[in-house]
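User: Hello! I am new to this structure and would like to understand the words used for it. Could you walk me through them?

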Amino acid sequence: MAGDSGNNNNGNSDGGSNRDEEVQIQIADSSKAATSSTHEVPIQNSPVKSWQWWLMVGVNMFFLIAGQTASTLLGRFYYNQGGNSKWMSTFVQTAGFPVLFIALFLFRSKTSSTQTVTSSPAPTISIPKITLIYVVLGLIIAADDLMYSYGLLYLPVSTYSLICASQLAFNAVFSYFLNAQKFTPLIFNSVVLLTFSASLLGVDENSQGTTSISHGKYILGFLLTLGASATYSLILSLMQVTFEKVIKRETFSVVLNMQIYTALVATLASLVGLFASGEWMTLQGEMHAFQSGKLSYVMTLLWTAISWQVASVGVVGLIFVVSSLFSNVISTLALPIIPVFAVIFFHDKMDGVKIIAMLMAIWGFMSYGHQLYVDGKKGRKTTVSVEETS
């Protein structure tokens with residue numbers, strides 16, 4: 001199934017016709033890894049394309065921040081109300097993928113009458129190759145989700161957030177080796193500020209909760225969360241490599257296909273784990289014992305699943321239109337934003353440390369955003385110069 005979707009617009013003889021039916025998204029050229037560009041920003045050759053690109057970045061940022069915030073709050077609510085299944089927590093992180101078929105259908109239907117002229121034919125992708133990529137990435141995602149589930153169960157939220165902030169450092173390493181990511185002072189400043197912002201939440205004593213978890217489980221949770229952060233960064237870089245070197249398609253449908261079919265594999269793997277571990281037998285009792293009621297239990301799991309998919313679309317979309325590092329930066333930006341909503345919904349205390357963490361996150365994001373603006377401006381000047389000399 002994954003191969004059919006991934007190659008529906010590539011392997012057929014009428015690939016050019018199908019390609020014309022999809023919206024083309026301006027992204028960095030696949031050969032950017034071999035260039036001397038300081039950052040992975042597409043060269044915009046007109047104000048319209050520049051506006052479209054920034055719109056796509058903004059939409060995906062909203063999806064990521066809103067989805068991650070909602071899913072984290074709902075995940076905490078699940079544990080607070082008596083939920084205890086690690087495999088169920090893992091399962092809902094990808095189980096909402098069927099809702100993406102609606103977006104895929106609407107996107108294709110909306111653009112079925114719009115034709116876009118392209119300068120070169122779409123590359124042909126081997127069905128076994130793209131299927132293998134979806135399966136491998138899906139299994140890695142399932143393992144990553146399970147590690148995060150154990151980490152959230154065995155660690156205080158503040159410690160969990162502190163360790164999760166390490167994903168930026170891991171991503172910097174993976175991006176350097178796999179994606180030829182170059183670091184400018186502005187990007188380095190952004191990464192440092194966002195890391196410190198999330199770290200402040202971890203050292204804030206007011207956010208430290210009491211826990212009855214044994215020392216052994218605490219160490220296990222620490223190591224699993226650290227491993228999950230590294231694995232998450234690796235997934236982002238591998239997805240970027242897949243977009244650039246394998247799929248080579250500049251349409252939003254490939255973003256949805258990537259998310260749908262890797263989530264399908266991850267969901268099936270989680271389902272196998274749920275039954276193999278025997279946790280499925282405890283779910284009925286867990287639902288009856290849920291403090292806010294059975295309906296609340298079902299709705300919590302349902303909306304957690306949907307929220308995770310919204311966040312995942314934002315993650316993959318930002319990888320597609322910008323880079324894996326930028327996607328990780330925005331993901332980290334959500335960490336100090338979450339306490340703001342926790343104050344509203346869970347009546348958490350908003351102290352000075354959390355306010356400073358949020359301001360540092362905004363500063364770091366603005367630093368990175370300014371780098372994007374500078375690189376985009378340089379790209380447009382380069383394009384104009386080339387057009388004037390040709």
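**Helices and rings**

Analyst: H11 and H13 are oblique to each other.

User: Why are H11 and H13 called oblique?

Analyst: First, a word on the model: it is predicted, so local features need pLDDT of at least 70, side-chain atom pairs count only at pLDDT 80 or more, and totals for chains, interfaces and linings use all residues. Residues are numbered from 1 along each chain as its sequence is written, and side-chain values use heavy atoms, leaving out hydrogens and water. Now, the axes of H11 (residues 252-276) and H13 (residues 294-321) cross at roughly 130°. Angles under 35 degrees count as roughly parallel, over 145 as roughly antiparallel, 65 to 115 as roughly perpendicular and the rest as oblique. H11 and H13 are therefore oblique.

User: What makes the pair of Phe77 and Phe290 edge-to-face?

Analyst: Their rings are 6.1 Å centre to centre, with 75° between the planes. Rings of Phe, Tyr and Trp (its six-membered ring) pair if their centres lie within 6.5 Å; planes under 30 degrees apart count as stacked, over 60 as edge-to-face and the rest as tilted. So this pair is edge-to-face.

User: How do you know whether Phe290 is buried or exposed?

Analyst: Phe290 has a relative accessible area of 3%. Buried means under 20%, exposed over 50%, and partly exposed in between (1.4 Å probe, protein chains only), so Phe290 is buried.

User: And what is Phe77 called?

Analyst: Phe77 has a relative accessible area of 21%, so Phe77 is partly exposed.

Key
Axes fitted to C-alpha atoms, helices over the stretch in contact; angles between N-to-C directions. Helix = DSSP H or I, 4+ residues; strand = E, 2+ residues; numbered from the N terminus.
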